[in-house]
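Have a look at the picture before reading on.

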Amino acid sequence: MTIMTDTTASAGIGWNGRTLRSMLEESERLFAETGRYYGIERLTLKEEDPIRYEKLFSRLRGGMVNARETALNISASPIVREIGELCFALYTPEGDSITLSTGIMVHVHTMSDAIKWMIRNNYEENPGIEDGDIFCNNDAFIGDVHNADVQDILPIFWEGELIGWAAGVTHVIDVGAPLPSGMPMGPIHRYEDGFMLSAQKVGSKNRLHRDYVLRCQTAVRLPFYWMLDQQTRIAGCQMIKEAVHRVIREEGIETYKRFIREVIEDGRRSFVQRVRELTIPGTYSVPSFMDVTFGGEAGRLPPEAAKDTLMHAPLTVEIGSKGEFKVSFEGASKWGYHSFNAPPSAMQGGLWVLLTQTLVPNDKVNDGAYFAIQNNLPYGSWANPDNKFCSVSIAWVYLIPGYSGIFRALSMAYVGRGYLEEVIAGYPGTWNMTQGGGPNHYGQPGAWTNFEMSSCGTSARYVMDGEDTCAAMWNPEGDMGDVEAWEILEPLLYLSRRIRPNSFGPGKFRGGSGFESIRMVYNTPTQVLYNLGEGNVFLGTGLFGGYPAFAGYRQSVKHTDMARRIAHQLPYPISDEDPENSQMVAHVEGVLERDKRTIHLPDPHAEYDLYLSVLRGGNGLGDVLERDPAAVVRDLNEGYLLPRFAASTYGVVAFQNAAGEWELDAEATEERRAAMRRERIEQSIPVDEWMAQQRTRVVQKNFIEPVRQMYQESMSLSPTWAAHFRSFWGLDDDWSL
């Protein structure tokens, strides 16, 4: 491979005295002209010495993993230490990812965007890029998902020449927004998102600037955790720099330069080949939705924000015969006055974390796959806002539903190829996202986000049930964390944490179960709490006849008698597993608050108030009447299924023996299922008849207001999608909302 040089370029810190900007422009030009990273035709290093090539990759990636594991174990933040919410990566001088650690894979490309933003904005000249500099970013419009993900980016030099970048990211506890927590739900403008660092130089000569350190003391509620997270990221990046220097000393700088170019092109080719091997060419349409229940916040939010809205994510995945992979949100609804908007960098992050769990499930993860994908994010939509001042502090609320269709699209393609074990019925939303703040149990201003949400149930596979309380879409390596760790951070005690029956989506194979936690506000006079999750819609469906997991609700009991119950050792609630027979009603006196407004502004609670957090389960796959009756009975005995749903959902008849264990009545089950199949036939109508009924509603514009607004936004932003909608329903060309 020949590395291009430009003798006319002004002296810079890049290769052969070039500026970083000229290197980036050349890289983009060569890719545009050839379709190959840096125009590379042959992977010469890999072809000539494949063992050396693999050893180089393993050593560099090992440096990333070592940096992450070391940083994780020295962190004080429970979000980092307990859950593993961090990631480290190595980049080329132009900002393309070479390799990264395990962890939150979402940041493969977000930190790349931040580096390229600095290059395009001529940081090389002002504020300057020197060995020992430290840059910090959490601005999603530059390169991030939201500002709770804070990135440190350090340049790597060799003999006065910039040869790459080391970068690390952690999810922080609090961002200093007007409302407490790392992901506040009240902001409607960027100005309310909290402490914003737009690729700022915060350190030189391997030390943080004193003015930055002092600013952090008053910028966030928990500066202790903020600064320890910062030191964690910097320590990991320094380890990466040392690992790169070791490789260069042993292999030579020219070999290193060849390798980092070739490994990215290798990643691009591998992705294309894997798409061709695993999928069937075609267009897969997998829409998703998400409800925002701010209609009840009139008086607390301005009129443009205090309304119920519905997000539209009409995702399509187009797969070509030569391995082309196109992802489009054409027809997405408009950005809104809430904190759930997602800039392009956030969207890239959401796509990446899914690809690393599907088409790139190996250690060779880098920006090669990024160069093999075409992304259509319509300008003005929630997925690419034309208002750079809208809030993005919790973009995941739209990202997770928006990309949930990727799993279903790929699974349909896998089935076509016969790769059945790769099939999965999607991911649920990783709700409930419990957050809060106020005076903590140490008498100080506090804020917190409980990351037990990283262990929701996964969805069913083609050949097996989903995993219970297992993972999150954004971090498949997540852990719910020990309750003691959260109680150190949060002024709430756990009364219980247990499997939630019926939290999964039913099917031939059911989704994995979620769980519930009952918390009691303790040792503080007041605390505001958030719920977060879908309440009125399902963000995604099951697959091949399977059902989605349940939508959520919020529930608290306020003004309780818990102090008396504790003092007199009386029963108290340890479960809400069956809302029709709730212990939170039977075993505590107080004011019960329960509704479907699962997205709302901070809700005040007082000491001894009880709060329920319900974590979702996964979606189901296949017909419920094909589920093995023995599996249904097993779910009854293990407490995963409430008894009344065995017959009504699965057609399984069971009885309890003298020991209280459930046993199958096989004959009655066969009769019940036969009757249910007959009922299906009797109640069914032809598709064209159903379509005619629904078309009448469409022609008459018989929509509730959130649905009407959603369709109006989609049609106004995308004439292409509007034409598709009219064609689908056989409407006149001038039909509009």
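Start with the lining of the second largest cavity, which splits into 6 nonpolar, 4 polar and 2 charged residues. Here Ala, Val, Leu, Ile, Met, Phe, Trp, Tyr, Cys and Pro count as nonpolar, Asp, Glu, Lys and Arg as charged, and the others, Gly among them, as polar. Among the residues around this second largest cavity are Pro428, Glu534, Phe550, Arg616 and Asn619. Its volume is about 60 Å³.

What is a cavity, then? On a 1 Å grid over the protein atoms alone, a cavity is a set of points where a 1.4 Å probe fits but cannot get out, and lining residues have an atom within 4 Å of a point. Grid points are joined across faces, edges and corners, and the volume is the space filled by probe spheres set on the points.

## Where the model comes from

This is a predicted model, so local features need pLDDT of at least 70 and side-chain atom pairs count only at pLDDT 80 or more, while totals for chains, interfaces and linings use all residues. Residues are numbered from 1 along each chain as its sequence is written, and side-chain values use heavy atoms, with hydrogens and water left out.

## The largest cavity

The count comes to 6 cavities of 30 Å³ or more. In the largest cavity there is about 100 Å³ of space. Its lining has 13 residues, and Glu85, His171, Trp396, Phe451 and Trp474 lie nearest the centre. That lining divides into 8 nonpolar, 3 polar and 2 charged residues.

## The largest pocket

A pocket is an open set of points with protein on both sides within 12 Å along at least five of seven lines. The largest pocket has a volume of about 1100 Å³. Of the 32 residues that line this pocket, Pro287, Phe289, His312, Tyr711 and Trp721 lie nearest its centre.

Which elements each supply at least two residues of that lining? They are β9 (288-293), β10 (308-313), α19 (687-699), α20 (705-717) and α21 (719-729). The largest share, 6 residues, comes from α21. By type, the pocket lining divides into 20 nonpolar, 9 polar and 3 charged residues.

## The whole chain

The chain has 21 helices and 24 strands; these are DSSP runs (helices H or I, at least four residues; strands E, at least two), numbered from the N terminus. Along its principal axes, the C-alpha trace spans about 85 × 60 × 55 Å.

Of the 737 residues, 61% count as buried. Buried means under 20% relative accessible area, exposed over 50%, and partly exposed in between (1.4 Å probe, protein chains only). Contact means heavy atoms within 4.5 Å, and residues 24 or more positions apart account for 75% of the chain's contacts with a separation of 6 or more.

## Two residues up close

Is Ser77 buried or exposed? Ser77 is buried, because its relative accessible area is 1%. You'll find Ser77 in the loop between α3 (50-74) and α4 (78-81). Beyond its neighbours within four places in sequence, Ser77 is in contact with Glu82, Ile173, Tyr225 and Asp229.

His559, on the other hand, is exposed, with a relative accessible area of 65%. His559 sits in the loop between β19 (554-558) and α14 (562-567). Not counting residues up to four places away in sequence, His559 touches Glu589, Gly590, Val591 and Asp609. His559 and Gly590 are 31 residues apart in sequence, but 5.1 Å apart in space, C-alpha to C-alpha.
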